[in-house]
Amino acid sequence: MENKEAENKTMRCHWAGSDPLYIQYHDEEWGKPVYDDKTLFEFLILEGAQAGLSWITILRRRENYRKAFADFDVEKVAAFDERDIERLLNDAGIIRNKLKINGAITNAKLFIEIQQEYGSFSKFIWGFMPGGKPLLNPVKSMADVPARTEISDEISKVMKKKGFKFFGTTICYAHMQATGMVNDHLINCCAR
């Protein structure tokens with residue numbers, strides 16, 4: 001039976017296309033549970049930057065974001081000042097949107113507040129999941145994948161109330177997919 005299942009998992013979710021960067025992201029990261037605060041913060045910054053753009057646009061700039069945002073060190077990003085904002089606005093390697101840059105700095109400060117309150121951001125965000133476990137959705141086609149769910153609505157609502165920027169329910173759901181809180185790989189996908 002296991003061999004039959006393995007044989008059936010020979011395809012990849014079509015959104016990964018043929019771009020090697022996208023394929024690597026699809027195979028190695030998307031839908032894989034993340035409990036590390038640094039990685040969760042990285043995706044928070046990247047998902048906020050992605051708002052209104054394609055994910056591949058952000059993936060292609062990911063290394064630039066690492067350099068520009070202090071290797072996603074939340075303490076350093078929270079301490080960014082006007083000089084840093086000016087530096088980021090002049091950095092052609094990232095999305096130079098003042099609202100998104102200011103939002104990233106605000107989100108870093110709030111991320112630290114959540115860490116202090118809950119012990120870690122991971123405990124906070126995974127606490128929204130039933131039993132603290134990822135959801136493995138029965139996805140037969142990408143048309144089955146929602147843009148938002150009741151859980152993403154709730155997380156987004158709580159985070160917005162805390163003051164987070166660029167974290168509406170759709171961005172929240174994308175964050176949940178990226179960090180494996182939900183697994184929306186096709187049932188027969190090789191990365192499931």
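Predicted model: local features only at pLDDT ≥ 70, side-chain atom pairs only at ≥ 80, totals over all residues.
View 1. When its neighbours within four places in sequence are left aside, Tyr-25 is in contact with Trp-15, Trp-30, Phe-43, Trp-55, Leu-59, Arg-62 and Ala-178. Ile-85, by contrast, is 60 residues from Tyr-25 in sequence, and the two C-alpha atoms are 29 Å apart in space.

**View 2. The packing of helix H3 on helix H11.** Helix H3, made of residues 37-50, packs against helix H11, made of residues 169-178, at an angle of about 140 degrees and with the two axes 10 Å apart. This angle makes H3 oblique to H11, and the crossing of H3 and H11 is right-handed. On the side of H3 the contact involves Leu-40, Phe-43, Leu-44 and Glu-47, which meet Ile-171, Ala-174, His-175 and Ala-178 of H11. Sorted by class, the residues of this contact between H3 and H11 comprise six nonpolar, one polar and one charged.

**View 3. The packing of helix H10 on helix H11.** Helix H10, which covers residues 150-162, packs with H11 at an angle of about 110 degrees, and here the axes are 8 Å apart. The angle makes H10 roughly perpendicular to H11, and H10 passes H11 in a right-handed crossing. The residues of H10 that take part are Ile-151, Ser-152, Asp-153, Ile-155 and Ser-156, and in H11 they meet Thr-169, Cys-172, Tyr-173 and Met-176. By class, the contact of H10 with H11 holds five nonpolar, three polar and one charged residues.

**View 4. The buried and exposed faces of helix H7.** Within helix H7, which spans residues 82-89, the buried residues are Asp-84, Ile-85 and Leu-88. These three cover an arc of only 100 degrees around the axis, which puts them on the same side of H7. Turned away from that buried side is a face of H7 that carries the exposed residues Glu-82 and Arg-83. What do the buried residues of H7 pack against? Their partners are helix H5, residues 62-68, and helix H8, residues 98-118.

**View 5. The crossing of helices H7 and H8.** H7 and H8 pack at an angle of about 135 degrees, with their axes 10 Å apart. The two helices are therefore oblique to each other, and the crossing that they form is right-handed. The contact is made by Ile-85, Leu-88 and Leu-89 of H7 together with Lys-98, Ile-101, Asn-102 and Ile-105 of H8. The residues of this contact of H7 with H8 fall into five nonpolar, one polar and one charged. Ile-85 and Leu-88, which take part here, are also among the buried residues of H7.

**View 6. Ala-70 and Phe-72 in the loop between H5 and H6.** Ala-70 lies in the loop that runs between H5 and helix H6, the latter formed by residues 74-78, and Phe-72 likewise lies in the loop between H5 and H6. The phi angle of Ala-70 is near 50 degrees, which is a positive value in a residue other than glycine. For Phe-72, phi is near 60 degrees, again a positive value in a residue other than glycine.

**View 7. Ser-120 in the loop between H8 and H9.** Ser-120 is found in the loop between H8 and helix H9, which is made of residues 121-126. With a relative accessible area of 13%, Ser-120 is buried. Once its neighbours within four places in sequence are set aside, Ser-120 is in contact with Asp-37, Ile-114 and Gln-115. Asp-36 is 84 residues away from Ser-120 in sequence, yet their C-alpha atoms are 8.9 Å apart in space.

Definitions and conventions:
Residues numbered from 1 in each chain as written. Heavy atoms only, no water. Axes fitted to C-alpha atoms, helices over the stretch in contact; angles between N-to-C directions. Helix = DSSP H or I, 4+ residues; strand = E, 2+ residues; numbered from the N terminus. Parallel < 35°, antiparallel > 145°, perpendicular 65-115°, else oblique. Left-handed = near helix turned anticlockwise from the far one by under 90°. Contact = heavy atoms within 4.5 Å. Nonpolar A, V, L, I, M, F, W, Y, C, P; charged D, E, K, R; others polar. Buried < 20%, exposed > 50% of the residue type's maximum accessible area, 1.4 Å probe, protein only. Arc of directions from axis to C-beta.
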